[in-house]
Amino acid sequence: MKSWKTPTDELIERALSSVKKETDRQYFFSKLKNPLWINPLIERGFFKHPPEINHLPDDRVQFPFWPEFLYLKNVSQDAPEQVIQIILSIPETKNERIYDGIVEIALGLKGEFSRRLLPKILEYFKLEHLFLAYRFHDLLVHWITEDQIDAALEITKNLISFQSDPRSRQKQQQRRENSENSFRTMLKPTPRFDEWVYQQILEKGIRLLIEKKPYQVACILIDATASMILLSTHKDDLEKGNDEDFSEIWCRHLNHPDQDHQESKESLVLTLTFACEKVYEINPELIEALDQVLRKQQRKVFKRLRQHLYALNPSDQTLPWIREFILEYKDYDKWDYHKEFQLMIRKACEHFGAPLLSNDKRMEIFAAILSGPPREDFREWMGANFTEEKFRQLQRNFHRKQLHPFKNLLSGKYQSYFNELENEFKNKPLSDEDYVPVSESRSGYVSYRSPLPPEVLAKLTDEQLLDYINDWQEIHRDKDDWFTEINIGALAEAFQSVFKNSIIVNGNRLSFWLKNYMRIERPIYIRLLVKAMQELIKEHHFEKLEQWIEVCNWVLSHPDIEKKEELRRSDESKDNPDWRSSRRAVIDFLDACLDKDSDTPVSARDGLAKLLRFLCSQFDWRLDRNKPVILNHDDSLIEALNNNRSLALEKLVNFGFWVRRHSPNDQVLEVTEILEERFKPDTEFPLTKPEYAILGMNYARVFNLNHEWGIRHKTNFFPQGNIAFWLEAFGNYLKFNRPVKEIFVVLREDFVFALEHLDELETMKSLETKVVDNLGQHLFTYYLWEVFPLTGEKSLLERFYEKTAENHQYWVNIFNYVGHSLKNSGKSLEPNLIDRIIAFFDWRFEINEPEELQKFTYWLAAECLDPDWRLNTYLKILDVGKTKNNVYLSIELKVLNKMLASHTTQVVECFAKLTDLIDQNNNLYIQVEEAKPILKAGLNSEDPHVQKNAERARENLLRVGRFDFLDID
């Protein structure tokens, strides 16, 4: 290290007094390179308060520069430890320039020193906008070069993620209002940076990281791609459950860009493909693990990616996966292959030959190809321009393209026919690009348009409009704009607009549709008609409610049908209609009728109950065939909320409370009768896990509707004989219900059962606290209410602690939960509750679990507890010598300041003991504004004992270089 001269106080004061202007400070700190100035600057309060952003009068935002960072950068090589400590102690800020400076310093530090700045760099990603992110690809390269791979992987998750479309709410609202131009409502998630920076991160940083850890990076990229597609998808499209992601439009090729300029999401997929290819090349032992991760994603781009990888790597390992794709494909006679699928077939046929497929399977596929394409589809498409000759040309070209990948397996008549076709088209040889479904004419998104706009449809007579929506099916692309599709979905939206704005307001027209709705042949129009009815209910228009309910009854007369793979069911189809979305629209209609703010007349009771009886008892394809709506999310409650029959159970309970609002003493027998039918052992469709999740979540509400019935049927809600069903029911009861003493009496056996099955309970997914934590919170509350004692054979709370002895985090979580509850309890609490709380604390203090006692923070802040007890107890905990967390320390110091005037002696002693812990925890940071009032009060006290504690505290702080406490005044 270079020899530096120690600056004198006189020199320091003279230098600093001469740099008051911002430009002078920048020049001074840019030239200062002596690391021996660090401590004097710290002593004088530098590095503590970075400048915050400035909001200018014209709504612009200014990110001030911090000259001190120039000095820290200058000395970071000579005094890395001190510089790192300074940076880590800088409070979070919204000033992006501060974090940009941290990244710049990290780029200049070596190895582990650089990595230690990771926590501050992760703070960077909390900012809403990142304008100065151009250094991130350099930081990735630096960390990879310095072998800090874990740090590089950690920030990669943040660097490549997409944010939701900033206009998503507006677009969703427009979509709900049936905006005619669907292009305007297309969701466009974006990266956190501008496109050029994002490209640099992927190409110069992520790809280098892939060379080191291809599988780990591939998994991160898979998650990011799935999330990006999810953010691009409207909820109602997601509920349809198909795999369409339009990736063949925005990413035509998986392994190379179409043009020099790439959109960010295309770049993400290209990088993902590169990572997966590298797994096959570098980590062949992880190929199967990668394949499993890709299989869990249901969107088309991941299927294309698997096919691409199989095409590049035909082997004994990939053979069964390739064969699976080929045999599961059902559209040989209908649709052209996409590029990756045909390439996989061709490469597999060339590599494996005849062993790829049995002779029977080959003949079955070839026969299917020659039976297509569908003549009637082409006739509809061509309309008056259809001729047999045009169809023959289309057919022969289709046969050639479909047979081409299998050419190495053809024999006999299929070989002869293919040779004939090849000779016929010898001037147009096939290439892989012929299988790319979207041409390269221009880039863009597909938008949708109705064949007739709403204003034209509104001018049709009702009979003409009915005939038009039933007959029109000429789906096609606009001849002047290939990216605009004229389709039924857009026509349905236009129809809904007409129905709402022109038909409902006209009594004669409305009467026609109420008499003739059964003549509508496509469910999509019915769904949007019901949606219009729902909007009327929300606007408190109940004039035609009885007729609306009849329409809903008719919808439910069309059951959810078993989905056979050979049938492509759709709510746009007349021949193979799918009524599921229309049935869901009925549930939404019910929800509007039963809403707590709705004033739906009670005269609708019988009609609404009839709808619920249908919905709660009919076949539900996904529930009854265990076909999850959302893959890779093992959460039965989420499934319940996305399936009609399970969701209807919740609406049934809502119905009960809706009746009660009209008739407070009503038993609402409809609710219990429908549930009893569902509980019967011989019921046609037994309850499923998602339904038990809904029932468990709503048990307390059912109990409130009818106590006696809820008690009698408790075991129907929580069937201990079937642990999987019981877990869903009781786990969701714990998650979504507060403790109720009267219900605990009924469910006591289930609480005991839960304690005996904690391992199973731990497996339940939860977005927030774990279900085991919920169980502990319930049991603590029942102890507090004197339902059982704190300890002993009858104490379920002590039994909980015994059962969780291998995982003390549950102990920590309960202790913290109690503290939060006390803090939020106001300034008073019943004396008997306080006694039991203190008894609980004494019990836990005796156990002496360090992490548990560290959560005393919110106990200290609880004004319902005696301040003397809080401070004395806090002293006891500090005597044990536990380390402190800076976040909790800041809260505790604020609480001590609130009690300073009335409890000076104890507060100063607490503060002194806190400073004693600094030696145990070098990262412990005590903020000056929180500490000085306590020190000042202690030093100015007339009590020698208090003065001594204050002096000890100051010495502790000065000993670790906190010279900002020298002058307390």
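How close do the axes of helix H35 and helix H37 come, and at what angle do they cross? The points below take this up after the overall picture.

1. **Basis.** This is a predicted model, in which local features need pLDDT of at least 70, side-chain atom pairs count only at pLDDT 80 or more, and totals for chains, interfaces and linings use all residues. Residues are numbered from 1 along each chain as its sequence is written, and side-chain values use heavy atoms, with hydrogens and water left out.

2. **Overall build.** The protein chain has 54 helices and 7 strands. Helices (H or I, at least four residues) and strands (E, at least two) are DSSP runs, numbered from the N terminus. The C-alpha trace spans about 105 × 75 × 60 Å along its principal axes. Of the 969 residues, 52% are buried. Buried means under 20% relative accessible area, exposed over 50%, and partly exposed in between (1.4 Å probe, protein chains only). Take contacts between residues at least 6 apart in sequence: 73% of them join residues at least 24 apart. Contact means heavy atoms within 4.5 Å.

3. **H35 and H37.** The axes of helix H35 (residues 644-662) and helix H37 (residues 689-697) come within 9 Å and cross at roughly 10°. Axes are lines fitted to C-alpha atoms, for helices over the stretch in contact, and angles run from 0 to 180 degrees between N-to-C directions. H35 and H37 are therefore roughly parallel to each other. Angles under 35 degrees count as roughly parallel, over 145 as roughly antiparallel, 65 to 115 as roughly perpendicular and the rest as oblique. On the H35 side, Arg-645, Ser-646, Leu-649 and Glu-650 take part; they meet Pro-690, Glu-691, Ile-694, Leu-695 and Met-697 of H37. The residues of this contact divide into 5 nonpolar, 1 polar and 3 charged. Here Ala, Val, Leu, Ile, Met, Phe, Trp, Tyr, Cys and Pro count as nonpolar, Asp, Glu, Lys and Arg as charged, and the others, Gly among them, as polar.

4. **H4 and H6.** Helix H4 (residues 68-75) and helix H6 (residues 96-108) have axes that come within 10 Å and cross at roughly 10°. That makes H4 roughly parallel to H6. Phe-69, Leu-72 and Lys-73 in H4 meet Ile-98, Gly-101, Ile-102, Glu-104 and Ile-105 in H6. This contact divides into 5 nonpolar, 1 polar and 2 charged residues.

5. **Nonpolar cores.** A nonpolar core is a set of buried Ala, Val, Leu, Ile, Met, Phe, Trp, Tyr and Cys residues joined through side-chain atoms within 4.5 Å. The largest has 168 residues, of which Tyr-733, Phe-751, Leu-761, Phe-840 and Trp-859 touch the most other members. Helix H29 (residues 523-538) gives the most to this core, with 10 residues. Apart from it lies another core, of 119 residues, including Val-83, Ala-106, Ala-152 and Leu-309. Leaving out residues up to four places away in sequence, Tyr-733 touches Phe-718, Leu-747, Phe-751 and His-778, among others.

6. **Cysteines.** How many disulfides does a search of the whole structure find? The count is 0. A disulfide is a pair of cysteine sulfur atoms within 2.5 Å. For Cys-219, the nearest cysteine sulfur is that of Cys-276, 8.4 Å away. For Cys-552, the nearest is that of Cys-593, 7.7 Å away. Cys-219 counts as buried at 18% relative accessibility, and Cys-552 counts as buried at 0%.

7. **Backbone points to check.** A cis peptide bond joins Gly-372 and Pro-373, with omega about -5°. Pro-373 sits in the loop between helix H21 (359-370) and helix H22 (375-382). Asn-626, not a glycine, has a positive phi near 50°. Its loop runs between helix H33 (621-624) and helix H34 (636-641), and Asn-626 is exposed at 66% relative accessibility. Glu-786 also is not a glycine, and its phi is positive at about 65°. Glu-786 lies in the loop between helix H44 (771-784) and helix H45 (796-803).

8. **Two loop histidines.** His-903 lies between helix H51 (886-898) and helix H52 (904-916). His-903 is buried, with a relative accessible area of 14%. Beyond four places in sequence, His-903 touches Pro-867, Asp-868 and Leu-871. His-540 is in the loop between H29 and helix H30 (545-556). His-540 is partly exposed, at 41%. Its contacts, leaving aside neighbours within four places in sequence, are Asp-597, Ser-598 and Asp-599.
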